[in-house]
Amino acid sequence: MNALVLLEKDQPLIFQSLPDPEPGQGEVVVDLKMAALNHRDVFITQGFYAGIRYPIILGSDGAGIYNGEEVVINPSIAWGDNPRFQGSDFNILGLPRNGTFATKVAVPITQVYPKPAYLSWQEAAAIPLAGLTAYRALFTQGQLQPGDRVLVTGIGGGVALFALQFAKAAGAEIWVTSSLREKMDRALSLGATGAVNYTNPDWIKELGATGGFDVIIDGAGGEGLGALLKVCKPGARIVSYGGTRGVVPNFSPQALFWKQTTVIGSTMGSDAEFASMLTFLNKHKIYPVIDATFRLAEGYTAIQRMEAGNQFGKIILDLRQ
């Protein structure tokens, strides 16, 4: 098989020909057609991730053929028995085990699901990690209800875009933030009601003037997360799924307890949530947003595009020979 291999920190991914994977007990080999990037892959190349080993084939998202059927792969492995949180054996495809930046991948058969028939290979590969993360954040942790006002920060990434699309399909009103006018305009075209530039010094005042939010989906953390308490409606839920901007300073407990606000973390999701997410996609015929598609051998260029942060939608690797 062909694969992209990370040999050490801060080095380009190397295109190599490797032996086909040997499935272990309870595993199968999927012949991949497409894979997709996540920020997780960038963080691993930079060494900002626990348990990194070399060499490693990155990639959590993939769609392909198993046993003659079109399938997608659930990268949330060994979640465990408790739906509230992942167990001690939980891991994500692409580290510590080899992932989907290859023409073949070995995965537990429990992680193989039918591909939504209405989607292209690119669109199907875009779903797994970001779609699952957004689904759990919105519906399980955020307890989204029809008519809720939802704020999605940092629009343009995969999770944020799925959150926008899922919330819209569920009957919510969505606002977004970004630092780029083009991304805000594209979010409006996807159904967002409004958009605010978070580099504007008065961005929190602008959001507050809209009437406040029932659910806030945030993947950045940092100073902005503390400020978001000011735009929560009473009983609001803030769901944090990432921390690209680091620790949270100036977090006011008064703003938290007086409004009865809930702040809750969310990571990936269970097998049941993955199945529910696919059912939701099929019911509402949601099409993932694709930013760009690269050949497997161009994988490092794809990583660089994601690292630059200018993408809007998922970055895809075409694995077809």
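Is Asp 318 buried or exposed? Asp 318 is buried, with a relative accessible area of 18%, where buried means under 20% relative accessible area, exposed over 50% and partly exposed in between (1.4 Å probe, protein chains only). This is a predicted model, in which local features need pLDDT of at least 70 and side-chain atom pairs count only at pLDDT 80 or more, while totals for chains, interfaces and linings use all residues. Residues are numbered from 1 along each chain as its sequence is written, and side-chain values use heavy atoms, with hydrogens and water left out.

**Nonpolar cores**

- The largest nonpolar core holds 54 residues; such a core is a set of buried Ala, Val, Leu, Ile, Met, Phe, Trp, Tyr and Cys residues joined through side-chain atoms within 4.5 Å.
- Leu 138, Leu 144, Val 150, Val 152, Ile 155, Phe 166 and Met 277 touch the most other members of this core.
- Elements that each supply at least two residues of this core include strand 3 (27-36), helix 3 (128-141), strand 10 (149-152), helix 4 (158-169) and helix 9 (271-284); helices (H or I, at least four residues) and strands (E, at least two) are DSSP runs, numbered from the N terminus.
- Apart from this core lies another, of 35 residues, among them Ala 3, Ile 57, Val 105 and Leu 319.
- In soluble globular proteins, nonpolar side chains tend to be buried together.

**Ile 155 and Thr 153**

- Leaving aside neighbours within four places in sequence, Ile 155 is in contact (heavy atoms within 4.5 Å) with residues including Ala 160, Leu 164, Val 176, Lys 183 and Phe 312.
- Thr 153 sits in the loop between strand 10 and helix 4 and counts as buried at 8% relative accessibility.
- The side chain of Thr 153 makes a polar contact with the side chain of Asp 218 (2.7 Å); a polar contact is a pair of N or O atoms within 3.5 Å, where within protein one must be able to donate a hydrogen and the other to accept it, and residues adjacent in sequence count only if both atoms are side-chain atoms.
- Not counting residues up to four places away in sequence, Thr 153 also touches Ala 160, Thr 177, Ile 217, Gly 219 and Leu 228.

**Ala 169**

- Ala 169 is found in helix 4 and is partly exposed, at 29% relative accessibility.
- Beyond residues up to four places away in sequence, Ala 169 touches Phe 280, His 284 and Ile 286.
- The C-alpha atoms of Ala 169 and Leu 281 are separated by 9.4 Å, although these residues are 112 residues apart along the chain.

**Salt bridges**

- The count comes to 12 salt bridges, each a side-chain nitrogen of Lys or Arg within 4 Å of a carboxyl oxygen of Asp or Glu.
- Asp 148 and Arg 237 meet in one of them (3.0 Å, N to O); Asp 148 lies in the loop between helix 3 and strand 10 and Arg 237 in strand 14, so the pair ties together parts 89 residues apart in sequence.
- Both partners are buried, Asp 148 with a relative accessible area of 10% and Arg 237 with 15%.
- Glu 173 forms a salt bridge with Arg 149, the closest N and O atoms being 3.0 Å apart; Glu 173 lies in strand 11 and Arg 149 in strand 10, so the pair ties together parts 24 residues apart in sequence.
- Glu 173 is partly exposed at 27% relative accessibility, whereas Arg 149 is buried at 10%.
- Asp 318 meets Arg 320 in a salt bridge (2.9 Å, N to O), and Arg 320 is partly exposed, with a relative accessible area of 44%.
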